[in-house]
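Work through the exercises below with the sequence and the coordinates open. Each task is followed by a solution in steps.

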Amino acid sequence: MDLLPVKVMDPALAEMGNHLSDAMKILEGGKLEGEAERRKLSWKDIPGPLQGDGQNVVSILQLVQTLMHGDDDKEGHRRMQYVGEQGHMALLGHSLAAYISVLERERLRKLTTRILSDTTLWLCRIFRYENGSAYYHEDDREGLLKVCRLVINAHYEEYGTEGFTVLSSKYPVIYQSAACRPGLGQHLCSQDVALLDKLVKDDRDSGRLPLLLIANAGTPGAGHTDKLGRLKELCLQYNMWLHVEGVNLATLVLGQTSSPVTAATKCDSMTLTPGPWLGLPAVPAVTLYRHEDPALSLAAGLTSSQPVEKLRALPLWLSLQYLGHDGIVERIKHASQLSQQLLENLKTLASIKTSVEDELDSPVVVFRFSQDHSSPSSGASVEGCYEEDRDILDALNRWLGEQLADQVPLCGVDVVELEDEGTCVRFNPLMTAAALGTQENDVAALLEKLTELIPVLSCTLRFRQEFRDEVLQQASLSYIADPSWPGLGVVRYEPRNTELEEDKSQERMEKINSDLLKKLIELDTDLSFSCGPEFSEDKNVIFIGMATEDLDVREIVETMVSLGRDVEESGKLFENMTEVVRRGILEAELQLQKANEEKLMEEGVLRQIPLVSSVLNWFSPVQASVKGRTFNLAEGCLDSTEPVYSIKAQTSKEASPDSPNKRFPGQKLFRRPGVGSDSMSDCSSVGQVEESSRENTLMHAADEAEVPQEQPSQILEESVSLNQRVPEGQETESVDVLR
């Protein structure tokens, strides 16, 4: 923000403007000097005692900036509201309010009266609300609370003295639209005016007092506008107070406004939120109302005799002057044009349904992904789907909204839950465009991203049932029904029953599924595998993400079964490894001891004496055979090595089987070779010829390389049959091999 002009008479005001400008530069200027070093000292984030000598303004602002941005080093993570020049004026208003509050009482009264009168007059003219008064409040619900007190005081003359006991004569009734935000009232009414009329008559006949009707000019969810003209007639008929609120009230500043919203100018009160509409931070909400008795307004709290409370309007007073009438109209018009741009393009997308078909002028756009074949006839609810299908579509639309919000953040879309439509994506530029700086190219980027995501949603919805059927055919996989998961599905690998205890069996299942998930994540594929949402109720399961057009569902299931079996088999080698090895060592020691005893019985005692054994071995050599042993880790037992060579010779001659799923060069896993571009088909055919030629060459080379070899047992027999003397110390001994 530019510095205040030198012509300012009060030097304190000039200094205040300069300090605000410097503060905004520090807070919005990114990283500070020495910020990286300070972040390493995490102990400074812990609250400590107040320093005795105090700190300067720059140090305090640096602390605030650090607390605001935390450890986010990337600018993309700092999605703060865009604070323009008009925002700086609003922030300056809060500083001025604190400065003005120290003025002498009479001067303060005159100044606050002028500020309050100007702001009220401007707002009433801008929003076409003639002869109105204004109440400024921080909480946007507080204005309605004060209005309720005003209406109660008007209908119950003794309320001020007797309090709530006077309400027992005729219980007051407050009517609220069913689409209103929750928490504003207990008695709800339908949007059907005729039904509301009958409801009011029944309440009057029952001795109740119809008091207040809360209507909407833009519901919080879908931006629907009630029939305000007809509701006003109903309120006049039964002497009720009509209060209107909603985002569509912002369009009253435009020259052309739909008739339902224009009828809001005739209501008894309305609540406006100019802060988000105009991109003004920390400005109060405003409730405009009409009432002739100032005493009742004072009793209800709509007016105050305290000058300091009137200073709430100061930030708005400064900002409205800075923007001017044309600037206010331009911002509201820009937001409405963004909505129309998005709405017109959404109607060209076959799989996208909008819920504002009867309100073309609504600045709120709510849309939802829906397959054409599941679309209902007119008047049907939620695509006419079953409850499970609705949950699946809700999950997909929730994923769609999150993706759009993350990848196109400047559009400010969010996810809303509507009673009839279900989960939808909402674009409400009147509440977000001014703060985020949304432009037409951002809406174009939103449409482009939406066009990319629609095929992914359609394929995922189409392949979910096929994936479920394939999983149910596998005994080792369990299909977990989770309609809230926006993906292909959820499965669990079920290991074979090993008659373990329940706790150990659960741990084993968790370990196998965890290792299987790691192997699936390591695969070269566009399909995502995860352990699911953070607070998911399903444990030890694998969540499969969104699908594409060329997805091979059967190959996914077969791969999961194959990898799961490998993980299960490999896990058996390590489950009780300590006990297996211990038993193997004990058995090996016993067999060594037995072999030594047999050697003693065979050779005799004399051959165990060193000098005597040499003489005996010289005259009568001992013919000993090699008795090898091997240790099988899988079975935990010792075996003879005699069948090893024969088995090895047989397996070396067997050809390895071909892979059931051959992969072409450049092709990722789980993709069908027939679906895709022509270039992929050409590359696949060339790859097949090259692979076949390469296999033939390798097989021919392997055949030539085979040479008959003598068996080790034959060599040993020949060497033993030779009648040769063995020198002392070189005799053959029995060997046990632990493998």
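The exercises that follow concern a predicted model.

**Exercise 1. Overall content**

Task: State how many helices and strands the protein chain has, and what share of its residues is buried.

Solution. The protein chain has 24 helices and 17 strands. Of its 739 residues, 40% are buried. Turning to contacts with a separation of 6 or more, 69% of them involve residues 24 or more positions apart.

**Exercise 2. Aromatic pairs**

Task: Search the whole structure for aromatic pairs, and classify the pair formed by phenylalanine 127 and tryptophan 277.

Solution. Step 1: the search of the whole structure gives 3 aromatic pairs. Step 2: in one of them, phenylalanine 127 and tryptophan 277 lie 6.0 Å apart, centre to centre, with 50 degrees between the planes, and the pair is tilted. Step 3: phenylalanine 127 belongs to the loop between α5 (105-126) and β1 (133-137), and tryptophan 277 to helix α11 (residues 274-278), so the pair ties together parts 150 residues apart in sequence. Step 4: check burial against the cut-off of under 20% relative accessible area. Phenylalanine 127 is buried at 5%, and tryptophan 277 is buried at 3%.

Task: Classify the pair of tryptophan 485 and phenylalanine 543, and locate both residues.

Solution. Step 1: the ring centres of tryptophan 485 and phenylalanine 543 are 4.8 Å apart and the planes stand at 65 degrees. Step 2: planes over 60 degrees apart count as edge-to-face, so this pair is edge-to-face. Step 3: tryptophan 485 is in the loop between β12 (477-480) and β13 (489-493), while phenylalanine 543 is in strand β15 (residues 542-544); the pair links distant parts of the chain, 58 residues apart. Step 4: tryptophan 485 is buried, with a relative accessible area of 13%, and phenylalanine 543 is buried, with 0%.

**Exercise 3. Charges over rings**

Task: Which rings lie under arginine 290 and arginine 462?

Solution. Arginine 290 lies over the face of tyrosine 129, 3.7 Å from the ring centre. The charged end of arginine 462 sits over the ring of phenylalanine 463, at 4.9 Å from its centre.

**Exercise 4. A helix pair**

Task: Describe how helix α8 (residues 193-205) and helix α9 (residues 228-238) cross.

Solution. Step 1: the axes of α8 and α9 come within 11 Å and cross at roughly 15 degrees. Step 2: angles under 35 degrees count as roughly parallel, and α8 and α9 are therefore roughly parallel to each other. Step 3: the crossing of α8 past α9 is right-handed. Step 4: α8 makes the contact through Val193, Leu196, Asp197, Val200, Lys201 and Arg204, and α9 through Arg230, Leu231, Leu234 and Tyr238.

**Exercise 5. An enclosed helix**

Task: Is helix α16 (residues 429-436) largely enclosed or exposed, and what covers its buried residues?

Solution. Step 1: 6 of the 8 residues of α16 are buried, so the helix is largely enclosed by the rest of the structure. Step 2: the buried residues are Pro429, Leu430, Thr432, Ala433, Ala434 and Ala435. Step 3: the cover over them includes α11, α14 (314-346) and β11 (422-427). Step 4: glycine 437 follows α16 and has a positive phi, near 75 degrees.

**Exercise 6. A single residue**

Conventions. Residues numbered from 1 in each chain as written. Predicted model: local features only at pLDDT ≥ 70, side-chain atom pairs only at ≥ 80, totals over all residues. Heavy atoms only, no water. Phe/Tyr/Trp six-rings, centres within 6.5 Å; stacked < 30°, edge-to-face > 60°. Helix = DSSP H or I, 4+ residues; strand = E, 2+ residues; numbered from the N terminus. Buried < 20%, exposed > 50% of the residue type's maximum accessible area, 1.4 Å probe, protein only. Lys NZ or Arg CZ within 6 Å of the ring centre and 35° of its normal. Axes fitted to C-alpha atoms, helices over the stretch in contact; angles between N-to-C directions. Parallel < 35°, antiparallel > 145°, perpendicular 65-115°, else oblique. Left-handed = near helix turned anticlockwise from the far one by under 90°. Contact = heavy atoms within 4.5 Å.
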